Amino acid sequence: MTARQAETTEAAKGGAPELIKAVPVRHPGRWVAAAIILILAALAVQSLATNPRFRWGTVAAYIMDVNVVRGVGWTLLLTVLSMLLAIILAIVLAFMRQSDNPILRWSAWFWVWFFRGTPVYTQLIFWGLVTVLYPAISLGIPFGPQLATYVLSDPTKGFVPAVLGLGLNESAYLAEIFRAGLKSVDKGQVEAAEALGMRGTKVMWRIVLPQAMRVIVPPTGNETIGMLKTTSLVLAVPFTLDLTFVTNALANRTYQPIPLLIVAAAWYLLVTSILMVGQHYIEKYYGKGVDNLVPAPVNAAAAKAAAAGIPAGSDTGTGNTIPGGPTAAGTSIEESGR
């Protein structure tokens, strides 16, 4: 008689089966890697704490400076407005890319091709010099008389060109993200909804978008964080009120670039961390029912009987059916199928 049969016989008599004496697998590599990481972290902390060239006193003096805080506000405003403009344009471009009209489809493709194919820094310089190229905008008949003329000016001192440059560039990337999200939804669901008489807009809002958002939200959150850091390039417009320019100006005035770089990095890390928390909850909201699946509760009696090798669905020694046991469920399904 084998050990397995002996355990089954003992369990049938009413005794508990003997527990398996399992030895956990050892992973020495993990402990070595963890020790190396801890040593490197300790060395980094020691360097930060003992190196006087970091000038932590200067960092503490300027971390809440009024100009720095104002620069953080302008950076956040640039990020929000640029992403808002980019999202609106990206939604339009994503639908144009899927249109049956070839003019709309190829126009959207050209937009994405152009703005993704040129550096954002170059585009910002262009929008900063747009009044040099076009001192005035005229409305009229092509190659004919002009009906109205508007003289271009920039009273915002580079803010509007900065938003345009950042938003238009980002719209090309978001358009591809939105298009991928829309295409991730099976066409059969759309066809089924249309067969039920649902209108196109209702199909989009009720069927397509709730499922597409699971694909759209993570990369869009990543692009938002990237936009926050890309605002450091608006000096090309030039726009001189953002966080990077302010800290650089203070560094040039105090001749201490490293502490002011730490100040800028600390603020960027703080805002990025807040954005990541918000992204987490948005992903959790749109991932309900898919990303947050909870395993079904385990039937303790059935699991114990299965471990002992007793036929599933029968109680030990009595032959009664275990409520919720796999055999009972299977039998009822089979009988109903007959």
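Arg-179 and Glu-176 sit three residues apart in helix α8, so about one helical turn separates them. An α-helix has 3.6 residues a turn, so residues three or four places apart point the same way. In this predicted model, the two side chains form a salt bridge, with their closest N and O atoms 2.9 Å apart.

Glu-176 has another partner as well: its side chain meets that of Arg-97 in a salt bridge, at 2.8 Å from N to O. This pair links distant parts of the chain, since Glu-176 belongs to helix α8 while Arg-97 lies in helix α4 (residues 66-97), 79 residues away. The structure holds two salt bridges, listed here.

| Salt bridge | N to O distance |
|---|---|
| Glu-176 and Arg-97 | 2.8 Å |
| Arg-179 and Glu-176 | 2.9 Å |

Is Glu-176 buried or exposed? Its relative accessibility is 18%, and the cut-off for burial is under 20%, so Glu-176 counts as buried. Through shared partners, salt bridges join Arg-97, Glu-176 and Arg-179 into one network. Arg-97 is buried too, like Glu-176.

Helix α8 covers residues 159-183, 25 residues in all, and reaches 36 Å from its first C-alpha to its last, close to the 36 Å expected at 1.5 Å a residue. Along the way, α8 bends by about 30° at Ser-171. Why can α8 be called largely enclosed by the rest of the structure? The reason is that 19 of its 25 residues are buried.

The nonpolar side of the story comes next. In soluble globular proteins, nonpolar side chains tend to be buried together. Here, the largest nonpolar core has 38 residues, and Leu-78 and Leu-182 touch the most other members. At least two residues of this core come from each of α4, α5 (102-117), α6 (120-128), α8 and α10 (200-230). Which helix gives the most to this core? That is α8, with 11 residues.

Leaving out residues up to four places away in sequence, Leu-78 touches Phe-159, Ala-162, Val-163, Thr-231, Val-234 and Phe-239.

Notes:
Residues numbered from 1 in each chain as written. Predicted model: local features only at pLDDT ≥ 70, side-chain atom pairs only at ≥ 80, totals over all residues. Heavy atoms only, no water. Helix = DSSP H or I, 4+ residues; strand = E, 2+ residues; numbered from the N terminus. Expected span 1.5 Å × (residues − 1). Bend = angle between axes of the 7 residues up to and from the residue. Buried < 20%, exposed > 50% of the residue type's maximum accessible area, 1.4 Å probe, protein only. Salt bridge = Lys/Arg side-chain N within 4 Å of Asp/Glu carboxyl O. Core = buried A, V, L, I, M, F, W, Y, C linked by side-chain atoms within 4.5 Å. Contact = heavy atoms within 4.5 Å.
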